[in-house]
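Reader: Good morning. I am new to this structure and would like to go through parts of it with you. May we begin?

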Amino acid sequence: MFFIYQVIVSLLILLSPIIIILRIFKHKEDKKRFIEKFSFPTKKNKGGNLIWFHGASVGEILSIVPLIKNYEKKKSIKQILITSSTLSSSKVLSKYNFKKTIHQFYPIDHIYFSRKFLNYWKPKIAIFVESEIWPCMYKEINKKNIPLILLNARLTKKTFQKWIKIKFFSKKIFDKIKVIFPQNNETKYFFKKISRSKIKFLGNLKFSEIQDKKLIELNKKLKIEFKKNKIWIASSTHKSEEIFCAKAHLELKKKFKNLITVIIPRHIHRTQGIINDIQKLNLKVVLHSDKIKTLQNVDIYLVDTFGETKKFHNLGSSVFLGGSIINRGGQNPLEAARTGSKILHGPYTGNFKDIYNLLKKFKTSKKINSYSELASSIVFKKNNNIGSKIKKIGEKILKETIKELDFLIKNEIKKT
């Protein structure tokens, strides 16, 4: 099975120049740093104790920022390497003023590239976040006796059913993990079925808060402009959801003339297409990157930059979370809920079932099925009590996570 997997990856490598060129053209790839995906580093290994975190994209990387801030302070750690697969995650990470931490793109999951990557970086420990299961890299990590940790692990029923069909192969992969920290009880149950690794439940790390005023507060002049209006936020939207929200805007504008809808698309390379679609509804659209001085007569404020979502979540009192009207499993609502905003979502939220159950218990979320229902559900006042409750949960989970990781990291550093 592993041989077949390697053959498939090898064939994809032959096509990779075409794939890379297309991705650069679509602004999904860094035209200079794409070589990192072939294990050609663009940053230096300074030597000494290096710990490695890997997460697929923005959500996974943001969830470990509180951990990175903690390990930046540890004198015993010389360097922190973060890898991810998407351009957006690298841009978000660049906004943090880390001293020891560097970012590289994750290499293609082939024996040659995995081995080359590990030989250069020589991590003391490898911490993979959420759903990042890579057979070749896992195999090479295991060969080099590097402890492999699966942090805030998530395994959905659909994914589990795929792995269980190749149980012999999946057990070989998952048994290479030293410790699995699942983010929910469902994941814990599934991993127990397919892995003999140690499993310990700590909770969902995404409850932890990133506190950095530079990254959560809007420009003062822009903030003043927004406060002249009624605003609500549509966050992490996918294709067709922007139109859904624009139609809700039209409904709500019948009641509130000074209304601005802030739309933060999940993928900003779609910006021009979104503008074209919304303008067909005769709505005035402006871009965040244009840095306009007045918001007079603006209908839709489109955020076309990376890493500024929280600034707008702090500003609005109602946040619609995308990926939920179309069947994408939803997006993480915690960042918005933590600010005291009312959370609105469509019927498809399976990726964050436990979190939405909690928000429902707190009476701070609502499922909507139509744009008129979305319009009628929007409020303009925050509930700060909810934010405090979520913050307390996050502090406890972060504290326990650091305690567990500290033990594992210290053991590896002692060996040198």
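Reader: Which residue follows H15, and what is its phi like?

Author: This is a predicted model. In it, H15 is followed by Lys363, which has a positive phi, near 60 degrees.

Reader: Which residues of H15 are buried?

Author: Helix H15 spans residues 353-361, and Ile355, Tyr356, Leu358 and Leu359 are buried in it. Viewed down the axis of H15, these buried residues fall within an arc of 155 degrees, so they line one face of the helix.

Reader: And what is on the other side of H15?

Author: Lys360 and Lys361 are exposed there.

Reader: Let us change topic. What is the order of the strands in the open sheet?

Author: The open sheet has 7 strands in the order S3-S2-S1-S4-S5-S6-S7, and the pairing is parallel. Strand S3 (101-105) and strand S7 (198-199) are the edge strands, each pairing on one side only.

Reader: How many bridges join S1 and S4?

Author: Strand S1 (residues 50-54) and strand S4 (residues 125-129) pair in the parallel sense over 4 bridges. Ile127 in S4 is the bridge partner of Phe53.

Reader: One last topic: which residues make the nonpolar surface patch?

Author: Among them are Met1, Phe3, Ile4, Val7 and Ile8, and the patch covers about 1,200 Å². Ile4 lies in helix H1 (residues 2-25).

Notes:
Residues are numbered from 1 along each chain as its sequence is written. This is a predicted model: local features need pLDDT of at least 70, side-chain atom pairs count only at pLDDT 80 or more; totals for chains, interfaces and linings use all residues. Side-chain values use heavy atoms; hydrogens and water are left out. Patches are made of residues with over 30% relative accessible area and no salt bridge: like charges are joined within 9 Å, nonpolar side chains (Val, Leu, Ile, Met, Phe, Trp, Tyr) within 5 Å. Accessible areas come from the Shrake-Rupley method with a 1.4 Å probe; for residues, only the protein chains shown count as cover. A salt bridge is a side-chain nitrogen of Lys or Arg within 4 Å of a carboxyl oxygen of Asp or Glu. Helices (H or I, at least four residues) and strands (E, at least two) are DSSP runs, numbered from the N terminus. Buried means under 20% relative accessible area, exposed over 50%, partly exposed in between (1.4 Å probe, protein chains only). The arc is that of the directions from the helix axis to the C-beta atoms. Two strands pair if DSSP finds at least two bridges between them.
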